[in-house]
Amino acid sequence: MTPKKKVLLVEDHAVTRVGVKHVVNASNDFEVVGEAEHSSQIAGLLQETRPDFVLLDLRIPGENVLNMVKDWKKDQPQLKVVTLTMLDEQPIVHSAIEAGVDGYLLKSDDLSSLTKNLNEIASGKTVYSKNLKLSFNRKPQDGKVANKKEKQILTLLGQGKTYQEIGTEIGLSKRTVEYHVGRLKDRFNAKTVAELIGRAKEQMLI
């Protein structure tokens, strides 16, 4: 039998911890091996439990935990860091992506989908809450590119560049490029990069 993946739960609200822990431990794939309710507790628990995942509330008391993510991953390169937060403001999401999170989930999500999302992240995917996408698209975009950076990304995609190559050229991380491409796909109602490029060309954006 495959051992369960270990999860460190970082959450300062006891009721939320109980609910999330119940869902995680009820799965066949994951178990909570440690709980932190203050940023000062995280480093010690990472060393003690050597988890596969950190499930992270961004509003935990203490220091800004996003400033710690890169250090955690430097020490434990295979560690997956996944937010579970109420914060859906775009600047915070971008900061989390730049910090290196592997998933951005919201507490407004259906908790029953949590372990499914964790399994997708374990397989190498970056997962964003569907509710997060909705919160970013409250105003119709009519297929228009929102900013210069997104137009640069579309242009480079049209040239056949990889996400890594695009990030290097315009000064973004690969993960941030992936995030922007996901948003562009949603906006243009495109399921693939090829569809996205085709629709951008139709609108003479590239």
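Ser27 is in contact (heavy atoms within 4.5 Å) with Lys4 and Thr115, not counting residues up to four places away in sequence. Ser27 belongs to the loop that joins helix 1 and strand 2; helices (H or I, at least four residues) and strands (E, at least two) are DSSP runs, numbered from the N terminus. Because its relative accessibility is 11%, Ser27 counts as buried (under 20% relative accessible area, 1.4 Å probe, protein chains only). The model is predicted: local features need pLDDT of at least 70 and side-chain atom pairs count only at pLDDT 80 or more, while totals for chains, interfaces and linings use all residues. Residues are numbered from 1 along each chain as its sequence is written, and side-chain values use heavy atoms, with hydrogens and water left out.

An open sheet is formed by 6 strands with parallel pairing, in the order 2-1-3-4-5-6; two strands pair if DSSP finds at least two bridges between them. Strand 2 (30-36) and strand 6 (127-128) each have a single partner strand, so one side of each lacks a neighbour in the sheet. Strand 3 (residues 53-56) is paired with strand 4 (residues 80-85) in the parallel sense over 4 bridges. Val81 in strand 4 is the bridge partner of Val54.

Technical notes:
Buried means under 20% relative accessible area, exposed over 50%, partly exposed in between (1.4 Å probe, protein chains only).
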